[in-house]
Amino acid sequence: MLRSGPDRHGAIAVSIHWLSAVLIPAMLGSGFRAANAKDAATKAGLLRFHIPA
């Protein structure tokens with residue numbers, strides 16, 4: 001069921017929820033790791049993921 005009903009959330013709402021639940025810790029981790037990275041190439045690689053997410 002794609003649409004939300006009165007007794008259940010739809011697949012789209014559930015997908016957005018779980019995507020957000022996975023991306024928030026990933027963004028926190030990549031942001032802190034990029035801030036503490038000594039190597040410019042490592043920092044750039046982490047920020048390539050962090051910024052669009």
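Modeller: The protein chain has a radius of gyration of 16 Å, whereas a compact globule of 53 residues would have one near 10 Å; this radius is taken over C-alpha atoms, and the globule rule is 2.2 Å times the number of residues to the power 0.38. This is a predicted model, in which local features need pLDDT of at least 70 and side-chain atom pairs count only at pLDDT 80 or more, while totals for chains, interfaces and linings use all residues. Residues are numbered from 1 along each chain as its sequence is written, and side-chain values use heavy atoms, with hydrogens and water left out.

Serine 30 counts as buried because its relative accessible area is 6%, where buried means under 20%, exposed over 50% and partly exposed in between, with a 1.4 Å probe and protein chains only. Leaving aside residues up to four places away in sequence, serine 30 touches Leu46, Phe49 and His50, contact meaning heavy atoms within 4.5 Å. A polar atom of the serine 30 side chain also lies 3.2 Å from the backbone oxygen of methionine 27.

As for the whole, buried residues make up 8% of the 53 residues in the protein chain, and its secondary structure comes to 2 helices and 0 strands. Isoleucine 16, also found in helix 1, counts as exposed because its relative accessibility is 52%.

Note on methods. Helices (H or I, at least four residues) and strands (E, at least two) are DSSP runs, numbered from the N terminus. A polar contact is a pair of N or O atoms within 3.5 Å; within protein, one must be able to donate a hydrogen and the other to accept it, and residues adjacent in sequence count only if both atoms are side-chain atoms.
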